[in-house]
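Please keep the sequence and the coordinates in view while reading.

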Amino acid sequence: MDLSNKIDIADAGQRFMNNDALFKKFLFRFPGETGFSQLFQLLEEKNVEEAFRSAHTMKGLVANLALSSITGVLQPMTEVLRAGNMPEQSQIDELKQVYEEMLEIIAQIQAEDTPLLS
């Protein structure tokens, strides 16, 4: 499985001291995280202030897990929200897409049970 543009394996290795089991422990918790559903709800309600707080929190979480595909979309969205503006619907849709893709990737990683970090 090519994760090169989805998860920054080198960054994850540094963050988790190349401990594959530890990285997977936290990675496999990600699908149960409710922050993204909360963020999508706040965006739907056009609650910019609370959406910013939620997006900022989620940005930190995905950065710590080195989920680069989500970080790449969430980082600019967070800045739009920080400025007090709603992101474009296309940006919200893109975030939903990369989030759903990541959930599928994580499920595949769990099913295959192959090492990610060396």
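Helices, in the sense used here, are DSSP runs of H or I with at least four residues, strands are runs of E with at least two, and both are numbered from the N terminus. The model is predicted, so that local features need pLDDT of at least 70 and side-chain atom pairs count only at pLDDT 80 or more, whereas totals for chains, interfaces and linings use all residues. Residues are numbered from 1 along each chain as its sequence is written, and side-chain values use heavy atoms, with hydrogens and water left out.

Helix α5 spans residues 68–82 and includes T78. With a relative accessibility of 0%, T78 counts as buried, a class that means under 20% relative accessible area, as against exposed at over 50% and partly exposed in between (1.4 Å probe, protein chains only). Once residues up to four places away in sequence are set aside, T78 touches F52, A55, H56 and K59, where contact means heavy atoms within 4.5 Å.

**Packing of α3 and α4**

Two packed helices are described by the angle between their axes and the distance between the axes. For helix α3 (residues 35–44) and helix α4 (residues 48–64), the angle is about 150° and the axes are 9 Å apart. That angle makes α3 roughly antiparallel to α4; angles over 145 degrees count as roughly antiparallel, under 35 as roughly parallel, 65 to 115 as roughly perpendicular and the rest as oblique. The axes are lines fitted to C-alpha atoms, for helices over the stretch in contact, and the angles run from 0 to 180 degrees between N-to-C directions. On the α3 side the contact is made by G35, F36, Q38, L39, L42 and L43, and on the α4 side by E50, A51, S54, A55, M58 and V62. By class, this contact of α3 with α4 has eight nonpolar, three polar and one charged residues, with Ala, Val, Leu, Ile, Met, Phe, Trp, Tyr, Cys and Pro counted as nonpolar, Asp, Glu, Lys and Arg as charged, and the others, Gly among them, as polar.

**The segment before α1**

I7 lies in the segment before α1 (9–15) and is buried, with a relative accessible area of 1%. Its C-alpha atom is separated by 5.6 Å from that of A66, although I7 and A66 are 59 residues apart along the chain. Leaving aside neighbours within four places in sequence, I7 is in contact with F23, L65, A66, L67, S68, M102, I105 and I109.

**Salt bridges**

The structure holds seven salt bridges, each defined as a side-chain nitrogen of Lys or Arg within 4 Å of a carboxyl oxygen of Asp or Glu. Three of them are tabulated here.

| Pair | N to O distance |
|---|---|
| E101 and K6 | 3.1 Å |
| D11 and R15 | 3.0 Å |
| D20 and K24 | 3.2 Å |

The pair of E101 and K6 links distant parts of the chain, with E101 in helix α6 (residues 89–112) and K6 in the segment before α1, 95 residues apart. E101 is partly exposed, at a relative accessible area of 26%.

In helix α1, D11 and R15 are four residues apart and therefore separated by about one helical turn. D11 is partly exposed at 21% relative accessible area, as is R15 at 40%.

D20 and K24 are likewise four residues apart, about one turn of the helix, both in α2 (residues 20–27). D20 is buried, with a relative accessible area of 15%, and K24 also counts as buried, at 7% relative accessibility. Through salt bridges that share partners, D20, K24 and D113 are joined into one network.
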